[in-house]
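Here's a quick tour for anyone meeting this protein for the first time. Have a look at the model, then read on.

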Amino acid sequence: MADDAWAQAADSQESSQLTEKLKDVKIDPEKKTPEAAAGGSGDGDDKAAGSSTSGAGSSAEANGEKPEDGDEKAPSPEEVSFLRKVLRERLVQNKNEVEIMQKDPNSPLYSVKSFEELNLPPDLLMGVYHMGFNAPSKIQETALPMLLADDKTNMIAQSQSGTGKTAAFVLTMLSRIDTKKPYPQALCLAPTMELALQIGQVVEQMGKYMEGLKVAYGVRGNKVARGQKLNDHIIIGTPGTVLDWSLKLRVLELKKVEVFVLDEADVMIATQGHQDQSIRIHKNLSRSCQMLLFSATYDDPVMAFAQVVVPDPVIIRLRREEESLDNIKQYYVTCENRDAKFRALSNIYGVVSIGQCMIFCHTRKTAAWLAEKMKGDGHAVALLTGELMVEQRVAVINRFRDGKEKVLITTNLCARGIDIEQVTLVVNFDIPVDQYGQPDCENYLHRIGRTGRFGKTGLAINMVDGPRSMSQLGKIQDHFGKKIAKLDTEDAEAIETAVGEQE
Ligand SMILES: Nc1ncnc2c1ncn2[C@@H]1O[C@H](COP(=O)(O)OP(=O)(O)OP(=O)(O)O)[C@@H](O)[C@H]1O
């Protein structure tokens, strides 16, 4: 493929020829970011992006509720600076069980190489150990030797949730920058502000020993003056703001960027608003810029598109049966309706004590309803939906991170990327569906991947409330080829066994 394939693809897209060029690549044109759907021009900046934004399909919608669309008010700069402060929390330290899994050749954490063998500069190696990492995971071990080589390799990489993709691309960015050069040399785009800030923390922690390292957050509300030249080395942001910064306000020169990363690449490609913005940014990068796409999921059309726009990529892809992790046990419970789902949840909580739990609902309204019901039952519950101010959202996540609440009730907003080690249970109160009411396998995998992070065990419980959701879950089970076993929530022993397996 020609070196400037992405630029050509971008040009073609702008002149509406991309459809012809990619006629076999069917990316859903309706998949819009919430703001794009609302006609806005900023970042979609929401995990609901790439998921259902308008359609039907769940019992919640049958009740006349709208699925979470995640629209939000733009944060003020004060809010952003507050967010950055509250987001500074320690990262996970290595545990014995992780080390055991790192010795198992069948584990995605299996590794035979050490970080020393990657020939990292000493300050970066110190940063890695500062994170508590002893050995690279499989994706790190496989990708890093190529990514760090002098000859810049483009890559489209897939690895299961919680297996250390962030560190792989962060190390690549850090290894490519020269802190003596006072301008942005690495650019990472993520679909939400929360994720951009989380990635930035990893950059800051891993780059702790790199003298003079500066990181800027290209997220809404983080204002820069037109014409001001950024002297930060790494920019992490959401596509709309970074597009504004680079093409409108011209505070960074895309041509000088050495590494370009798309995290959650599938959602960045498949979601209309993100795709347009990402392509515009990329077409202004230099031809020698290294391009990395990372995600736990790529459906076939997205992968096909990615291969058209990334020049000569190395592709690391999982087989379908490898996509879901064996350390996350999956169950379903059958209930008659929403109230019965709540009772089933209460039964689970009545029988066993659970570490921390994330509960996913299809709509804000169901999430708010469930939060009230659980509070009424005496649970310390946090509610995180797109209608909260960003500042509140981050504060809620951090309270949950700190264990102040044991239960986080949310929507697809938190389906991707959020890395909270202590989450032992994920409940799909509603089965994830797309805007056509079809099972959303990608979001299913991202949701359950909020537990079982980096080798820990986890439990996912799906609540079905009739033949429709049963059939949706059945399709998800068939898609991944992993058994989702029935759990009887009236049977205390069965619950104890299920929960006990992941303790
Ligand atoms: N080599 C390592 N040794 C120990 N812990 C690690 C290592 N690499 C990453 N981790 C930790 O594993 C956790 C999960 O990593 P990360 O968030 O990068 O996963 P991910 O693959 O990006 O997942 P997702 O697809 O859900 O975004 C993080 O807390 C991270 O600090």
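The protein chain splits into domain 1 (78–318) and domain 2 (328–501), with bounds that come from an automatic or database domain assignment. The C-alpha centres of domain 1 and domain 2 sit 28 Å apart. Keep in mind that this is a predicted model: local features need pLDDT of at least 70, side-chain atom pairs count only at pLDDT 80 or more, and totals for chains, interfaces and linings use all residues. Residues are numbered from 1 along each chain as its sequence is written.

**The chain overall**
- You'll find 21 helices and 14 strands in the protein chain; these are DSSP runs (helices: H or I, at least four residues; strands: E, at least two), numbered from the N terminus.
- Of the 503 residues in the protein chain, 53% are buried, meaning that 20 or more other C-beta atoms, placed from the backbone, lie within 10 Å of the residue's own.
- Take the contacts between residues at least 6 apart in sequence: 78% of them join residues at least 24 apart. A contact here is a pair of residues whose C-beta atoms, placed from the backbone, lie within 7 Å.

- Setting aside neighbours within four places in sequence, Met173 touches Ala186, Cys188, Val203, Ile234, Val259 and Val261.

**Around the ligand**
- The ligand has 23 residues around it, and Ser161, Gly164, Lys165, Thr166 and Phe454 come nearest; being near means having a C-beta atom, placed from the backbone, within 6 Å.
- Helix H9 (residues 165–176) gives the most to this shell, with three residues.
- Each of domain 1 (78–318) and domain 2 (328–501) supplies at least three residues to the shell.

**Helix H8 and the Q motif**
- Helix H8 (residues 138–148) has buried residues including Lys138, Glu141 and Leu147.
- Those buried residues of H8 pack against strand S1 (155–158), H9, strand S6 (290–295) and strand S7 (314–316).
- UniProt, in an unreviewed entry, places a short sequence motif, "Q motif", at residues 113–141.
- The end C-alpha atoms of residues 113–141 are 7 Å apart, and the span is 45% helix and 0% strand.

Technical notes
Contact = placed C-beta atoms within 7 Å. UniProt positions renumbered as here; feature names shortened; annotations may be inferred. Buried ≥ 20, exposed ≤ 12 C-beta atoms within 10 Å, placed from the backbone.
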